[in-house]
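Me: I'm new to this one. Can you walk me through it?
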Amino acid sequence: MTVSQHVFTGEEQKKPQKSGAIKTARLAQRVVMIVIGAFMMSVALEIFLVPNKLIDGGITGVSIMLSDIFHIPLGILLTLLNLPFLVIGYKQIGKTFALSTLFAVVVMSIGTQLLHPVHPITVEPLLAAVFGGVILGVGVGLVVRYGGSLDGTEIVAILIAKRLPFSVGEVVMFFNVFILSSAGFVFGWNNAMFSLIAYYIAFKLIDITLEGLDQSKSVWIISDKFRDIGEALTERLGRGVTYLDGEGGFSGDNKKVIFVVITRLEEAKLKSIVEDWDSDAFIAIGNIHDVKGGRFKKKAIH
């Protein structure tokens, strides 16, 4: 064996070790964040919502109502009612998602059992709805962000959306309207309306947790002064730009399209920069849930 072969073999041995370390670190991060998110949901349920006769949507809401009617521990119902959907998810959606969801549900169930004897922080329904909704939303958002779920109805919604002309969000909303309406017959209509407030707040906090407060936005700009605008965005926003080739649908003229990714806080400054160079420029802005890669480092806005 030559020297060069020895060196090559050594490099090949090091790469899997490095890759394995990275995978282990990512797995550990996923586990920790799912535990935190699931336990936050347990806190929201047992310290805020359940003691005040408020519910969440989905299987969690059904579990809360059945627990109150039949006096079965909430943690047991959360696990049992989610299991059938997890089996479906394992077969239809994927092993990683199903196992992450199972882990999250088990942690949440254990958390509710441990926190059940703890006295609620408040017995004011509105305060419970607001703070319970915030904690619940952040918890669910963390679990979803790291590859799991805390409710089996989302799995059903994904499968239904594949076969019917409805989005996942529309299917989930249909289920939750039915479940939250049912709470009116179990806990009274005042509590059902407070539950709706908690659900709305949680829904918003899930989005914030998934997207982050510093939400990214994609921007497309069409202008004859594309070069000047692109250089100004690079210099003043510290953002890399990409020039794309386009063609006018009506005129057939060739156009240059500037593509750039910015944060929500930079949107107003970008519009100001574009307007300085071309007040008639076409600008289209959309939300982005996640951005990865790229070598350009952000500079201070000026």
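Below we go through a helix, a strand residue and the cores.

Reply: This is a predicted model, where local features need pLDDT of at least 70, side-chain atom pairs count only at pLDDT 80 or more, and totals for chains, interfaces and linings use all residues. Residues are numbered from 1 along each chain as its sequence is written, and side-chain values use heavy atoms, with hydrogens and water left out.

Me: Which residues of α9 are buried?

Reply: Phe-226, Ile-229, Gly-230, Ala-232, Leu-233 and Leu-237. Buried means under 20% relative accessible area with a 1.4 Å probe, protein chains only. They cover an arc of only 165° around the axis, which puts them on the same side of α9. The arc is taken from the directions from the helix axis to the C-beta atoms.

Me: What do they pack against?

Reply: The buried residues of α9 pack against β1 (216–222), β2 (241–247), β3 (254–263) and α10 (267–277). Helices (H or I, at least four residues) and strands (E, at least two) are DSSP runs, numbered from the N terminus.

Me: What comes just after α9?

Reply: Gly-238, with a positive phi of about 70°.

Me: New topic. Is Ser-216 buried or exposed?

Reply: Ser-216 counts as buried, at 17% relative accessibility. This residue sits in strand β1. Its C-alpha is 5.3 Å from that of Ile-288, 72 residues apart along the chain.

Me: How many residues are in the largest nonpolar core?

Reply: It has 34. Such a core is a set of buried Ala, Val, Leu, Ile, Met, Phe, Trp, Tyr and Cys residues joined through side-chain atoms within 4.5 Å. α1 gives the most to this core, with eight residues.

Note on methods: Buried means under 20% relative accessible area, exposed over 50%, partly exposed in between (1.4 Å probe, protein chains only). Contact means heavy atoms within 4.5 Å.
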